Amino acid sequence: VSATITRLLGASIIKKQIVAITGLGLAGFVVFHLSGNLLIFLGPEAFNGYAEKFEKLGELKWLPRAGLILFAFLHVYFTILVVLENREARGSRYAVRNDFGSTSWAKKTMIYSGLLVFFFLFIHIGDFTLPEKTGPTTVVPGVADGESLGLYGLVWNSYLVWWRSLFYVIAVCCVGMHLSHGIQSVFQTMGINHPVYTPLIKRTSIAIGAVVAVGFASIPLFVLIVRTPPV
Ligand code: HEM
């Protein structure tokens, strides 16, 4: 059995399918995360309440986290294998067009946007997951009589710093771009090439990427423009 699995994993199409499936899983998380984050527009109670529900899972919260880490690892690992393989294929006389995306431009930006998202995640977890959710960094100056606003306050204070907000806006644009090209690649990997559906898939994937980018970017932009939380 293990020999069969090794042989299957060695096949280029299986590698691409692993990239595609894990990518779809990660995209699912991103959409879920966006919907939770948009609660920030409803105020601290709604936003913190949502985060606390996850916190209440206790040790169980490591289950979805482990899934996410596994998916991210597989996605990056098999992407590297596919990219290396494509490079090798191009170098040989019998070069097979083994493209990952539809155009070489899309393919190149996939690597850069993917890399930026990868590094963004470390900074992002350092910004919001690891810090204290009750200390002075969660008190927004001038509101709630100096009381902690919890995670909401932490996020709000972070985005009051313009360069951090700018970095987040750039990062979430990369997430949106990566997602829209990624969705198109999934259909290509599945071998769908249709005169009507392919352009439709392209337009839909651009729309999904744009909604994700604009949705996430609206949060730091809102904080920068409003400056004082409406609490
Ligand atoms: C403006 C945009 C964003 C905001 C306001 C935001 C907000 C947050 C907050 C508040 C947390 C900490 C949750 C907690 O500790 O309870 C968090 C965690 C996280 N975010 Fe985001 N996020 C944003 C964009 C993104 C994007 C684009 C991605 C992925 C590409 C992402 C991936 C994650 C991950 C993986 C975690 C760690 C989850 C965990 O604690 O296990 N975030 N985010």
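This report describes a predicted model of a protein with a ligand.

## Basis of the model

Residue numbers start from 1 along each chain as its sequence is written. Because the model is predicted, local features require a pLDDT of at least 70 and side-chain atom pairs a pLDDT of 80 or more, while totals for chains, interfaces and linings use all residues, and side-chain values rest on heavy atoms, without hydrogens and water.

## Confidence

The mean pLDDT of the protein (the predictor's confidence in each residue, from 0 to 100) is 91, and 93% of the residues score at least 70. Helix 1, residues 2–10, has the lowest confidence, with a mean of 77, and helix 6 the highest, at 98. Residues 93–101 have a pLDDT below 50; beyond near neighbours in sequence, this stretch makes 20 contacts in the model, a contact being heavy atoms within 4.5 Å. Where pLDDT is low, predicted coordinates should not be read in detail.

## Overall architecture

The protein contains 8 helices and 0 strands. Helices (H or I, at least four residues) and strands (E, at least two) are DSSP runs, numbered from the N terminus. The order of elements from the N terminus is α-α-α-α-α-α-α-α. Along the principal axes, the C-alpha atoms fill a box of roughly 70 × 40 × 30 Å.

Of the 231 residues in the protein, 35% are buried; buried denotes under 20% relative accessible area, exposed over 50%, and partly exposed the range in between (1.4 Å probe, protein chains only). Among contacts with a separation of 6 or more, 69% join residues 24 or more positions apart. Ser2, in helix 1, is exposed, with a relative accessible area of 56%. Between Ser2 and Thr137 the C-alpha to C-alpha distance is 51 Å, and the sequence separation is 135 residues.

The shell around the ligand comprises 18 residues, a residue being near a molecule if one of its heavy atoms lies within 4 Å of it. His33, Asn37, Arg65, His124 and Phe216 come nearest. By class, the shell has 12 nonpolar, 4 polar and 2 charged residues. In this scheme Ala, Val, Leu, Ile, Met, Phe, Trp, Tyr, Cys and Pro count as nonpolar, Asp, Glu, Lys and Arg as charged, and the others, Gly among them, as polar. At least two shell residues come from each of helix 2 (12–37), helix 5 (104–129), helix 6 (150–160), helix 7 (162–189) and helix 8 (197–226). Helix 5 provides the largest share, 5 residues.

## Helix 2

Helix 2 has 26 residues and spans 37 Å from its first C-alpha to its last, close to the 38 Å expected at 1.5 Å a residue; the expected span is 1.5 Å times one less than the number of residues. Its buried residues include Lys15, Lys16, Leu26, Val30, Leu34 and Asn37. Asn37 is also one of the residues that come nearest to the ligand.

Ala144 has a positive phi of about 55° although it is not a glycine. Ala144 lies in the loop between helix 5 and helix 6 and is partly exposed, at 33% relative accessibility. Arg227, in the segment after helix 8, also has a positive phi, near 65°, in a residue other than glycine. With a relative accessible area of 41%, Arg227 is partly exposed.
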